[in-house]
Amino acid sequence: MHGAINLDPVYILPVIISSWYGSKLSGIWVSLFSVLVLGVIEWGFWQGSLQITERLVFIGSHLATFLLAALIVTYFSITHRIEVDAADTDTLTGVHSVRSLQVELNNVLLRSKRYNRAFSLAYIDIDNFKKINDLHGHSTGDNLLKEVANCLVSSLRVTDIIARIGGDEYVCVLQETGQEEARSAFAKVIDLLDKKMKIHGWPVSFSVGVVTFQKLPEDINAAMTIADKLMYSVKNDKKQYTGLWRELTVRLLYM
């Protein structure tokens with residue numbers, strides 16, 4: 001007998017899928033369509049067994065259920081997206097977070113292996129950043145960090161990946177970029193950083209290390225290990241430099 005078979009999950013599944021991957025509006029439209037299909041199919045089975053009012057109550061209750069499901073699923077979908085975006089984005093500067101960097105770097109590595117193309121990775125550390133916070137306050141320090149991120153975004157390509165991995169540390173991944181291209185790209189970055197620091201009168205310098213992967217690492221762990229070594233290399237070497245604040249140190253390392 002038809003009444004013994006509950007087909008509600010069949011009708012509500014498209015509502016859930018469209019609400020999660022689409023929008024509230026798409027969930028509502030699919031809810032209306034599902035109820036319409038449900039009504040047409042069920043109408044034939046009812047024949048004369050139910051009164052018009054009972055049929056309307058049946059359709060109305062299912063429509064209310066489907067619409068409620070669409071709204072609830074849409075709410076959780078939006079909340080989930082916000083949480084994912086927050087985890088993938090540095091809240092202060094708007095560039096990638098450490099978590100997002102690892103995901104993107106893994107994708108770059110896979111593409112580079114597939115097409116046998118080199119890529120470059122850069123590490124940037126702000127020298128004397130603590131003095132900015134101590135002398136001018138954390139608000140000025142935050143503005144400096146934002147300005148550095150803006151300089152990186154303005155100087156590099158849209159396809160390049162820029163991430164803030166620490167208080168005053170940034171990592172950039174330059175896709176399909178060899179030695180000379182990386183050198184040229186960071187010459188522009190350094191020039192813009194130098195100009196912006198002078199404009200604001202911020203007495204900081206930058207230690208920059210760039211590694212080009214001609215021989216691709218086996219996996220993301222190997223790439224991150226090299227990146228860590230590059231970071232510590234730059235941090236240690238920058239102690240040797242005592243020039244003026246406008247001087248920028250660049251180290252190019254090639255693997």
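**Reading the terms in a predicted model**

Q: What share of the contacts in the chain with a separation of 6 or more comes from residues 24 or more positions apart?
A: Such residues account for 71% of those contacts. The model in which they are counted is a predicted one.

Q: How is the chain built up, and in what order do its elements run?
A: The chain has eight helices and five strands. Starting at the N terminus, the order is α-α-α-α-β-α-α-β-β-α-β-α-β.

Q: Are Asp90 and Arg164 buried or exposed?
A: The limit for buried is under 20% relative accessible area. Asp90 has 13%, so it counts as buried. Arg164 has 15%, so Arg164 is buried as well.

Q: What makes Arg117 and Glu176 a salt bridge?
A: Their closest N and O atoms are 3.0 Å apart, and a distance within 4 Å is required. The pair links distant parts of the chain, 59 residues apart: Arg117 is in the loop between H4 and S1, and Glu176 is in the loop between S3 and H7. Arg117, at 39% relative accessible area, is partly exposed, and Glu176, at 46%, is partly exposed too.

Q: What is noted about the phi angle of Glu176?
A: Phi of Glu176 is near 50°, which is a positive value in a residue other than glycine. A positive phi is also found at Asn128, where the angle is near 65°. Asn128 lies in the loop between S1 and H5.

Q: How far apart along the helix are Lys130 and Asp134?
A: These residues are four apart in helix H5, which means that about one helical turn separates them. Lys130 and Asp134 form a salt bridge, with the closest N and O atoms 2.9 Å apart, and both residues are exposed.

Q: Why is Trp29 called exposed?
A: Exposed requires over 50% relative accessible area, and Trp29 has 57%, so the term applies. Trp29 lies in helix H2 (residues 24-46).

Q: Which residues form a nonpolar patch on the surface?
A: Leu68, Ile72, Tyr75 and Phe76 form it, with about 440 Å² of accessible area together. Patch residues need over 30% relative accessible area. Phe76 has 48%, which is why it clears that limit and counts as partly exposed. Phe76 is in helix H3 (residues 52-88).

Q: Which residues touch the most other members of the largest nonpolar core?
A: Among its 28 residues, these are Ile126, Leu144, Val148, Cys172, Phe186 and Phe206. Strand S1 (119-127), helix H5 (129-136), H6, strand S3 (169-174), helix H7 (179-200) and strand S4 (205-213) each give two or more residues to this core. Apart from it lies another core of 17 residues, including Leu105, Val108, Ala163 and Ala227.

Q: What does Val148 touch, not counting residues up to four places away in sequence?
A: Val148 touches Ile126, Tyr170, Leu193, Met197 and Phe206. In soluble globular proteins, nonpolar side chains tend to be buried together.

Q: How much of the chain is buried?
A: Of the 255 residues, 39% are buried. The accessible surface of the chain comes to about 14,500 Å², and 59% of this belongs to carbon and sulfur atoms.

Technical notes:
Residues numbered from 1 in each chain as written. Predicted model: local features only at pLDDT ≥ 70, side-chain atom pairs only at ≥ 80, totals over all residues. Heavy atoms only, no water. Patch = residues over 30% accessible without salt bridge, like charges linked within 9 Å, V, L, I, M, F, W, Y side chains within 5 Å. Areas by Shrake-Rupley, 256 points an atom, 1.4 Å probe, with all protein chains shown as cover. Salt bridge = Lys/Arg side-chain N within 4 Å of Asp/Glu carboxyl O. Buried < 20%, exposed > 50% of the residue type's maximum accessible area, 1.4 Å probe, protein only. Core = buried A, V, L, I, M, F, W, Y, C linked by side-chain atoms within 4.5 Å. Contact = heavy atoms within 4.5 Å.
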